[in-house]
Amino acid sequence: MGPNVIDLRRLAWGLALLGTLGGVAAAAGNPPLRRDLPAYFIFANRTARLKNITLSDACNIGVNCQRPNTSSECGKLIFENPTLAPGSQAAGDGTFFSVPNGSVWQLFRNNFNDPLNGTTIGLPGMQPDGSDALSPLPILANVDGDANPSCGPGCVVDVGDLEAACGFPDPFPTCDASKPIIVPANADCSGVPDANPGNGRCDLAPGKYGDLVVQQFGKLTFLGGVYDLCSVQVGRNTSTIAAAPSTIHIPPPGTLAIGNESSFGQKCGDFTVQVKGTQATTFGRNGNIAMNLCAPSTIVNLGHNNVLTGQFVGDTVNANSDNDGHCCQSGNCTCVDEFRPSSITVGGTLTLTSSCDLTKATEVRICDVPAIITSQSAGEIKVTVPAVGPTPATCSVKIISSVGVYTAAATLTVN
Amino acid sequence: MGFGGSKQHIRTVAAVAALATLGMWPVAGGAAPLRRDLGSYFIFASKFAHVKNLSIDNACNVGVNCAAPNSSSKCGELIFDDVTFADGSQAVGDRTFCTKSGVVLFDLFRNSGGPCNNITLNDPPIQPFNPTPIIAGTCAPGCLPDVAKLKQLCGFPDPFPACALGADVRAKEGEDCIGAPDTVPNNGHCDLAPGQYGDVKVQRSAQMNLVAGEYDVCSFKVARNATVLASGTTIAIAAPGSFRVGGQSKVGLKCGDLTVFQDGTSRVTLGRGVNIAAKVCAPGAAVKLGHGNNLIGQFVGDTVTANRDNHGQCCGGRCTCIDAFTPTTAHVGDVISLTGACDLSVATGVKICGIAAAPPFVSKTAGEIKVTVPVGASGACTIEVDSPQGSFVPNQKLTVN
């Protein structure tokens, strides 16, 4: 058995949030395992093999199923030298560390006699190795409400639970194979209308299409909305962005593949990608990918040296070396950096922007009058300015979330 | 042409962009004004920037501060290839050039440059960059940056601390610190306490862990495949030292982890495939942002150049809020912890029962601030978290006994 390094590295991480000097006594107040799917950066039903992944935010990596026996691959979470940020949680019935000198924050596993191989645990738990027990299993509840758990004895997966947790539509949409799309290098869309021709990129309106192929050096803008595509094949050195939040449905037997040196999405909330089929989803090398990917029946191969932002859900999830992960904000509050214009008439559209997650906003008030939200994404909210009484009026702009009220320092003049 | 079109109304400016080269555009009624505070900038170059196909993934600015002294000078030039800048971002340069098609910008401020044809400008029109420079009083006519003023704006310590020449530190793969005490020995990493050091080198595949506080060093070099973790850390590099990061290395993980102040004029260099989360301020230096890198934070230099395939994210906006605080019952003088997923490092103060906590913070990081319950607070107290852009009041009250 290798060394169990239950250390005080929480201090080294600069947090010192517990005000304790660590050790087992700290475990009594440790957070319990988060079991809601949005808390997870990587969630695999059966198996995850993650080389030297870095996770920069306080979110989770987990394998859902219980190991049916110690020789089974199901129920295994296998790390090589991970670097998981403070506040994160790693959870797998059988969690292994095959390369020394990794670091995790909280660890939930049941094979506490297997070596940590020098991995440090930032927030040690009650078991002898510094982990906490992972019980009950599976992690995910019976979300679809049928008679079957999300993963039953013998590693029998009910994929419907994960599909429901991901928000798959039922029935899952079909695609239109008669409308394939090609995105050539530095050109408009080919095969379908381009919503904004002549700008050196394909601007794609929402709708039902066939196979989408982005060729090398192609540039694609999803204008926002729902896209039902037969498959998505993205070549090398490409750039795909979302002008507004975009959801991509890929029915069976369609696949998603993103080539090397490509970027797909820029930030949290840009893309939700739901893959219904069983063929592998594959990312290449040196890419920059921001999406919430849910492919619960497939193997998800996260590639090598990619920057991955969002969530990646599969039956099995594999990551080659040098991937960097960022999950999307898990908090519930929000605020506004700026709004514009600063002077507007009743009925006008006011745009509020923020680096905090504006999807958490439940209401916008102008002069304490609720405004109708016309669009809402992680970075921007648009509202219609309501009648606020006699004009001109100098109005406060407030944004309300489930946990509080933010009032912008600037005021809005309503004419 | 005013602001307010939805993203479904993305407008190209091919037909009109040439007119903007004359610098004669009025600021449209609803268009955003140029942000002129340094904190808004992901890239801020005094004289010149060329950023190839940089993608900026959130709302922040890229700018060249100085005005061009004449049409043949490189000073004042901001050069784009096929960049992709997120909504809310702003690009500003006296002479801004778009060299390729497929460019996506939000706001663009410029006075001249070649034609920016066939670009997607999501918040048209192009606006004039007037007055120059971006930050008043930081670049005199004739392209003369006021480096001292920029250092002050970055928050350089004054006087700038000396390093301990000869007190060199090395991190070697799988080993403790070499040349300095290791605060967490035998874990295969170099855990280095704040303090004065000489040249600091993180060798290939090694890991160095830095904590909150200031590291005054003669130089800081990170070799290939190495890792530097930090949290609330400042590295102050005395002249003529330099900051260099080799390929495939990781330096910092997220906003608020690391600030690098480089005094002097030595080049700042990032290699290929680097992941860095840092505010790097080197206003006298050429800053080379490398290739295929993931850049989080801020990069300030005399000139800034980026090779292809870099992705950028600036840190937090200027607002913040909290998700929770603990404990929910406290006494005067107790420390309470406020946590949030938005960047709490931009918080400027906390009021409890309307009384400002003093000092403003016991500690402050991106994810957590701690404050002391002030004298006079009593009963069911409202908590108010202030930032430059506004204030947040959580629904939950703090009971002060």
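Okay, some housekeeping before we look around. Residues are numbered from 1 along each chain as its sequence is written, while chains are lettered from A and ligands numbered from 1 in the order in which they are written. Since this is a predicted model, local features need a pLDDT of at least 70, side-chain atom pairs count only at pLDDT 80 or more, and totals for chains, interfaces and linings use all residues.

So how confident is the predictor? For the complex it gives an ipTM of 0.75 and a pTM of 0.80. pLDDT is its confidence in each residue, from 0 to 100. Chain B averages 89, and 92% of its residues score at least 70. Watch residues 1-30 of chain B, though: pLDDT stays under 50 there. Where pLDDT is low, the predicted coordinates should not be read in detail.

Now chain A. How many helices and strands does it have? Two helices and 38 strands. Those are DSSP runs, numbered from the N terminus: helices are H or I with at least four residues, and strands are E with at least two. If you like boxes, the C-alpha atoms of chain A fill one of roughly 70 × 55 × 40 Å along the principal axes.

Of those 415 residues, 60% count as buried. Buried means 20 or more other C-beta atoms within 10 Å of a residue's own, exposed means 12 or fewer, and partly exposed is in between, with C-beta atoms placed from the backbone.

Let's zoom in on helix α2 of chain A, residues 159-166. Six of its eight residues are buried, so the helix is largely enclosed by the rest of the structure. Those are Asp161(A), Leu162(A), Glu163(A), Ala164(A), Ala165(A) and Cys166(A). What do they pack against? Strands β1, β24, β26 and β27 of chain A. Just after the helix, Gly167(A) takes a positive phi of about 85°.

You'll find Leu140(A) in the loop between β10 and β11 of chain A, and with 23 C-beta neighbours inside 10 Å, it counts as buried. Beyond four places in sequence, its contacts include Asp161(A), Leu162(A) and Ala165(A), along with Arg35(A) and Leu37(A). A contact means that two C-beta atoms, placed from the backbone, lie within 7 Å. Leu140(A) and Cys65(A) are 75 residues apart along the chain, yet their C-alpha atoms are separated by 8.9 Å.

On to where the chains meet. 72 residues of chain A are in contact with 71 residues of chain B. On chain A's side, β37(A) gives the most, with five residues. By class, that side has 24 nonpolar, 33 polar and 15 charged residues. Nonpolar here is Ala, Val, Leu, Ile, Met, Phe, Trp, Tyr, Cys and Pro; charged is Asp, Glu, Lys and Arg; the others, Gly among them, are polar.

β37(A) also pairs with strand β39 of chain B, residues 390-394, in the antiparallel sense over five bridges. Pairing takes at least two DSSP bridges between two strands. Which residue is the bridge partner of Gly404(A) in β39(B)? Pro394(B).

Last stop, chain B. It is divided into domain 1 (7-121), domain 2 (148-286) and domain 3 (324-400), with bounds from an automatic or database domain assignment. The C-alpha centres of domains 1 and 2 lie 32 Å apart.

Take strand β4(B), residues 61-64. Asn61(B) and Gly63(B) point one way, Val62(B) and Val64(B) the other way, and all are buried. β2(B) runs parallel to β4(B), joined by four bridges, and Ile43(B) stands opposite Val62(B). β4(B) also pairs with β7(B), in the parallel sense over three bridges, where Gln90(B) is the partner of Asn61(B).

Finally, there's an open sheet of three strands in chain B, in the order β31-β40-β37, with mixed pairing. Its edge strands are β31(B) and β37(B), each pairing on one side only. That's my tour!

Definitions and conventions
pLDDT = per-residue confidence, 0-100.
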